[in-house]
Amino acid sequence: MADGASLVRNAEKPVTCFMEGFKKYQEIHGHSFPVNSKPEFWTQFKKFLRKQPKNETEDKLDRNDYRNQLGWTDTPKGVEQELLFATISVKTPLIDTMSGSERLLHYEGWKTFLENHAAKAPAGAKNSFVANESW
């Protein structure tokens, strides 16, 4: 693990989290994290995704990775597009030679994790699911 914001998937491409990047952006600009209100969050989050780096510290926030993790409406509603989905990617200990029963244990663990997440999540974030090419 490189730091709190990334896991190493392979030597060339780490797995990054857009929320960790946003947190760093907020800290760099002297803004609070977590953000105080939903409108303030969306204002700051959209600035973060669109902003061009001003200095070396900001330049380390790879916004292209974050943009690929987020899906937006094609047609703007009102003034701005709306967020449709957010994805995260994690490294797991699954390997191709595992038996079906071993893979099932991993799947059930992730399913339980998501059920616990859904129980605490706001209405718009209760429909998460887990996908893996090994299942």
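1. Q44 is buried, since its relative accessible area is 9% (buried means under 20%, exposed over 50%, partly exposed in between, with a 1.4 Å probe and protein chains only). Q44 sits in helix α2; helices (H or I, at least four residues) and strands (E, at least two) are DSSP runs numbered from the N terminus. Neighbours within four places in sequence aside, Q44 is in contact with F22, Y25, Q26 and H31, contact being heavy atoms within 4.5 Å.

2. The model is predicted: local features need pLDDT of at least 70 and side-chain atom pairs count only at pLDDT 80 or more, while totals for chains, interfaces and linings use all residues. Residues are numbered from 1 along each chain as its sequence is written, and side-chain values use heavy atoms, with hydrogens and water left out.

3. In α1 the buried residues are F18, G21, F22, Y25 and Q26. They lie on the same side of α1, because they cover an arc of only 140° around the axis; the arc is that of the directions from the helix axis to the C-beta atoms. After α1 comes G30, with a positive phi near 70°.

4. The whole structure holds 12 aromatic pairs. Rings of Phe, Tyr and Trp (its six-membered ring) pair if their centres lie within 6.5 Å; planes under 30 degrees apart count as stacked, over 60 as edge-to-face and the rest as tilted. The rings of Y25 and F48 form a tilted pair, because their centres are 5.3 Å apart and their planes are at 50°. Since Y25 lies in helix α1 and F48 in helix α2, this pair ties together parts that are 23 residues apart in sequence.

5. Both partners are buried: Y25 has a relative accessible area of 3%, and F48 has one of 0%. Y25 and F48 also belong to one aromatic cluster, formed by F18, F22, Y25, F33, F41, W42, F45 and F48.

6. The largest pocket holds about 1,500 Å³ of space. Of its 37 lining residues, A86, T87, I88, S128 and F129 are the closest to its centre. On a 1 Å grid over the protein atoms alone, a pocket is an open set of points where a 1.4 Å probe fits, with protein on both sides within 12 Å along at least five of seven lines; lining residues have an atom within 4 Å of a point.

7. At least two residues of this pocket's lining come from each of α1 (18-28), α2 (38-50), β4 (83-86) and α5 (100-120).

Notes:
Points joined across faces, edges and corners; volume = space filled by probe spheres on them.
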